[in-house]
Every structure is written in C-alpha cells, then in structure tokens.
Amino acid sequence: MEAVLVYMTVGSMDEARKIASALVEERLAACANILPQMESVYQWKGKIENDAEVVVIAKTKASLAEKLNARVLELHSYEVPCVVTMPITGGNSEFLAWIGEETL
C-alpha cells in the first residue's frame, strides 16, 4: 500500500472542519490535520492578493487520491482550490499500515 499526503488550502476553519470531517467519515482519508492562520500571497486574475487561509493535510492511500480530490472539489468554496498530492517515501511502518486500515 502506497500512502500519500494531500495538501489543500481553504478559506476558513469552518470549511476546513467540514472538508476534513467528510474525508475521514467517508474513509477517503485516515486522518486530516488542520493548521489555522496561514497567510497566502498569490496572483489571481491579474491582481496580487493577500489572504488568511487554513491548511488541511489529509493522509490516505495513493489509490484514493483521485477520489479524495474529486470530493474536495465538490465541497470546496474556491473557484480553483489548491489540492495537491505528495508521495510519502518512508516513515513509521505501523503508522503507514494504519492509514491503509482506516481507508477504503
């Protein structure tokens, strides 16, 4: 089983909790961490923006990454949300096995 992290940003703690809870309840993620109070500077439609955002990091199987991404896009309020998948190349084997056990 190959595990991955899915990094995403959202506009509020309420939205982060809603998305994280849905992913875990639906067993698309074994766990989701919510990191509040991040500041993002980015270019959007020709203008420099500066906004407070919340980071959500979900832990899941690589085989569920596309399904998880699709679910986040259904729940997310942004027009073009940041949702990126990163491989886990090593770590605590018992933790990585737990990810496999807690997901579909």
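On a 1 Å grid over the protein atoms alone, a pocket is an open set of points where a 1.4 Å probe fits, with protein on both sides within 12 Å along at least five of seven lines, and its lining residues have an atom within 4 Å of a point. Grid points are joined across faces, edges and corners, and a volume is the space filled by probe spheres set on the points.

The model on screen is predicted, so local features need pLDDT of at least 70 and side-chain atom pairs count only at pLDDT 80 or more, while totals for chains, interfaces and linings use all residues. Residues are numbered from 1 along each chain as its sequence is written, and side-chain values use heavy atoms, with hydrogens and water left out.

Start with the largest pocket, whose volume is about 280 Å³. Select Tyr 42, Trp 44, Glu 53, Tyr 78 and Val 80, which lie nearest its centre among the 13 residues of the lining. Strands β2 and β3 are the elements that give two or more residues to this lining, and β2 gives the most, with four.

Next, colour by secondary structure, where helices (H or I, at least four residues) and strands (E, at least two) are DSSP runs numbered from the N terminus.

Now select the strands, which form an open sheet in the order β2-β3-β1-β4 with antiparallel pairing; two strands pair if DSSP finds at least two bridges between them. Because β2 (31–44) and β4 (83–87) stand at the edges with a single partner strand each, one side of each is left without a neighbour in the sheet. Neighbouring strands are turned by 30° against each other on average, direction ignored; axes are lines fitted to C-alpha atoms, for helices over the stretch in contact, and angles run from 0 to 180 degrees between N-to-C directions.

Zoom in on β1 (residues 3–10), which five bridges join to the antiparallel β4, and pick Tyr 7, whose bridge partner in β4 is Val 84.

Helix α3 (residues 93–102) can be selected next: this helix packs on the sheet, touching β1, β2 and β3, and its direction makes about 90° with that of β3. Contact here means heavy atoms within 4.5 Å. Then turn to helix α2 (residues 65–75), which lies across β1, β3 (47–61) and β4 and runs at about 15° to β1.

Finally, zoom out: the C-alpha atoms fill a box of roughly 45 × 25 × 20 Å, taken along the principal axes.
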